[in-house]
Amino acid sequence: MLLFISYLFRDIYASDSSAKTLQVSFVGMQAQEVAIKPNLRVVLKSDTEVLDEVVVTAMGIKRSEKALGYSATSVNSDKITATRNSDVMSALSGKIAGVQISSNSSDPGASNSVVVRGFSSLSGSNQPLYIIDGVPMSNSTAGSSTSDALDTSYDFGNGANAINPDDVESMTVLKGAAATALYGSRAANGVIMITTKTGKQQKKGLGIEYNGGLQASTILRYPQLQNEFGMGWSGTHTELENGSWGPRFDGSMRVWGNVYDNSQKVKPYVAMKDNIKDFFDTGFRYSNSLSFNNANEKSNYYVSFSQISDDGMLPGKADTYDKYTFSARGGHKIGNLTLSSSVNYASQRNKFATTGQGLSMINSLYQTPRDISIIGQKDLNDPFNGPGYYYTPYGVTNPYYILDTYMNTYKSEKIYGKFQVDYDFLKYFKFTYRIGLDATNSEQKYGEPNLAALFAGTPNDDQGNFNGKNGKVMEEMLRRRELNQDVLVTFSMPVSDFDINALVGGNFNERKYSSMTSTVTGLDIPTWYHLSNSANTPLAEELSSRRRSNAVFAQVDLAWKSMVYLTATARNDWSSTLPKGKRGFFYPGITGSFVFSELFNEDLKSWFTFGKIRAAYGKTGNDADPYMTLTSYGQAVADSGGWGEVKFPLNGTNAFTKGNILGNNALKPEMTTEYEFGANVAFFNGRLSVDAAYYNRNSDNQIMSLNMDAASGYTYRNVNLGKIRNQGWELLVTGRPIQTKDFTWELTWNFTKNNSKVISLPEELGGLATIFGLSGGTTLYAIVGEPLGTYKAEVPMTDDNGNIVVNPSTGLPVASDQMAIVGTMNYKYQMGVSTMLQYKGITLGVDFDIRQGGKMYSRTKAINYFTGNAIQTAYNDRNPFIVPNSVNQLSDGSFVENTTPVSYAKICDYWNAGGDMMGSYELIDKSFVKLRNISLGWDLPKRWLSKTPFQDIKVSVYGSNLFVWTPSDNTFIDPEMTSFGNDLEGQYGEWTANPSSRKFGFNLMVKF
């Protein structure tokens, strides 16, 4: 690059005439120091080292990015903390090609789903392995099981939420099998490697950093509702109702609700346009983080504390999240010996208002007629607002009462860390021993009041609304502990034009899990949630498991002239969860890369700065869950011949019986085989760069529980059958269109397209396996020849021309006698667009997250169709209409044009059945465009701080999830919401999930 700097020389000479030399530097160039003279001209050479970052790879090994033969994406701490999220993953949504990051719930402290290169396992985990400073961390979710999610769904977060984002130095995502093989079977779905901050020698200051901020949250996406019709059914106004199928609003005064003490409420018959929105408050969060660090030639330390207190959008204190963390890490070098350790502690407390059907807050909100004021029900001392005299007896009640009276709390403590010894010997060798611990203790408590006792004899009790609502308390104590040990010997030596790096090692891992759940019903004191508060004996359930795995592994890296790189890996695992004598499984990997830009001359390098092609092949295994090889026993229950069940213990006698799942002593691990091709190119000294990859991943020997004939004594058996393929493209383009001394504009675009396909399934399943669904309703399947996660649902009967067949008497569509494939859960593609503008100390960042295609189930849509609240239900002003393009079927099988309209009284039946889509109407397009993040930060000028104790001060404002744009058929919910966890079943959709939220915040960062 040629720089004409005579004007610069004049400025310098004027300010310091004694100067003899001048240092000239530019981003992406090698700096030069030259003698000052008139008409100075300096030619700077490209500095390719700027483009060659160091990446932390498997087992914590640092490698040159250009040496990698696989895709690995690194993110620094600035991107993780820019929008001050309470977890480490949310800020990266839409920023990493090939990685799908979704926030499952807007409730404070909820979990994230992270899926790398598609879903590969039908029954196991599809979440990546988290590695913190070389030690694995459990990322299990504290949430409801899918069997409970229909009635009481909740999400208290996952294990990675324990990490303080301010403690993170960098994060690397390893995607392919070749990249993750050294981490064994748990890494089959990718690896999230997190490197935390360590102490650094302070040239100035004390090494103290403080971050403190405030954040507000408001409702983002909730259903768009009609405001033309109110309380009633079948076109008639009623006084006790949960639907808006009444007549058109006319402003007249009407009585409504139950009669109490010979009185009844009266109100104008008009729309409450914002009754849902007005129910939600503005959430508020405050956070603080403080760290101390320093280092010298031999020692370093880093200590941090953090606190988050978040009160969400629900009224009162029904959705709160409090988290406290402490971290201490350090190292000391004694000759060739280096000792390092870290200890991390996290404590959290949550409250969560359960979602789902029945007496949940959100279900009750959505079954509120459009003329009812919800905030008018806030006074719980008003008898009309209590469950006994509530205006509708149809399975819902006052949402304020639910938030005030029901209990769902969670608390946990997590300790994780490591101790590590490194010893350098014989010049080229290093020995490493590392032991890590991850331990979590948690407690959940759930309580429902005894409504039958509290409101006995009230109108809603007489209607049977409180049948079976006798109160309930559930307490669960859970413990997880993981102990991990690594032993490594590494070798690194240059030999002429070659560089040789190698390692051999072993891994020893043990994981323990135990839980104790106690449940009692029939509360004597209706709202005291204690296990002793019942004449019934609590039902106790205890679960425990222990699993161990041992492994040996090796890796060899060869490099020639910093141009050709070859890496081979091998690992053999022995897992205690596999059958005796068959517990070992082996998987290799090989990668290569060729930096062809090393062959370029300087003229070509002046614009084509860097070029590399790469290829990788690898295998990873995934062992079984504990005890799948055995048939377990459970406490016996006997059928007493029409008189209910007899449960043991009985009269002092206990009994156990075999479980209904047949174990398999020939079970094999799931195996994932993947190959990958890619290229990295950079132009104009890194001003424009492209990273492209193609991958093909096949996951075979799927571990499944297959249905059996109950006459055999079992209903399921564990088997290896089934194969799933994921193949796709990843693209990352980064550019700096403008770069001057004071101003930089950077643009980043990433693109992901993943195509999944079910290659094979057991013959006994008939080419179809259920992932999750409703009996006789919309269901998510794995179907041979189709993408993984294909929906089948009820559809209307049609003629050969696609016209809808309707009942000639009612004009309503007739259902087909076969469920039909109506879409898949998979996005067609995903994109992320980010821009960053920097002027001196001011930085503006904007991120968009774009996802196109795919379907999801939405009960939020279904319930608003059912109640007549959805805007779609006001179609044709609710006047009688003929279903468009409809026909009648004659007795001879022929079809004629339909002339029967849907009557005024039947319009509600039309929408309750899904309109002209029938049952498939419950699916919505889950495409979206989100303004994911905006951040604006200002680093105060150093000269302002020169006479203060401050080294740096930065003030910033930010916003997250500010806007979301969805297709026209989704007027109901944020497509990221789910009620069924953060894995494969979570892709089914949502069962009346809470609305999503947008966040705004302010943060102050001070360094001393």
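Strand β15 (residues 191–196) is mostly covered, with five of its six residues buried. Buried means under 20% relative accessible area, exposed means over 50%, and partly exposed lies in between (1.4 Å probe, protein chains only). Helices (H or I, at least four residues) and strands (E, at least two) are DSSP runs, numbered from the N terminus. This is a predicted model, where local features need pLDDT of at least 70 and side-chain atom pairs count only at pLDDT 80 or more, while totals for chains, interfaces and linings use all residues. Residues are numbered from 1 along each chain as its sequence is written, and side-chain values use heavy atoms, leaving out hydrogens and water.

β15 has strand partners. Two strands pair if DSSP finds at least two bridges between them. Strand β10 (residues 129–132) pairs with β15 in the parallel sense, over four bridges. Here Ile131 has Met193 of β15 as its bridge partner. Strand β14 (residues 168–174) runs antiparallel to β15, and six bridges join them.

Next come the charged pairs. Side chains of opposite charge can pair when their charged atoms come close. A salt bridge is a side-chain nitrogen of Lys or Arg within 4 Å of a carboxyl oxygen of Asp or Glu. By this rule the count is 35 salt bridges. The table shows some of them.

| Salt bridge | Closest N and O atoms |
|---|---|
| Lys95 – Asp847 | 3.1 Å |
| Arg697 – Glu674 | 3.3 Å |

Arg697 sits in strand β37 (residues 688–700) and Glu674 in strand β36, so this pair links distant parts of the chain, 23 residues apart. Both Arg697 and Glu674 are buried. They also belong to a network of salt bridges with Arg117, Lys175, Arg614, Glu676, Asp691 and Glu730.

Lys95 and Asp847 are buried too. In the other pair, Glu510 is buried, at 11% relative accessible area. Arg548 is partly exposed, at 47%.

The surface has a nonpolar patch. Val556, Leu558, Leu566, Ile590, Tyr617, Tyr675 and Phe677 make it, and its area is about 590 Å². Patches are made of residues with over 30% relative accessible area and no salt bridge; like charges are joined within 9 Å, nonpolar side chains (Val, Leu, Ile, Met, Phe, Trp, Tyr) within 5 Å. Accessible areas come from the Shrake-Rupley method with a 1.4 Å probe; for residues, only the protein chains shown count as cover. β27 (539–560) and β36 (670–683) each supply at least two of the patch residues. Leu558 lies in strand β27. Its relative accessibility is 36%, so Leu558 counts as partly exposed.
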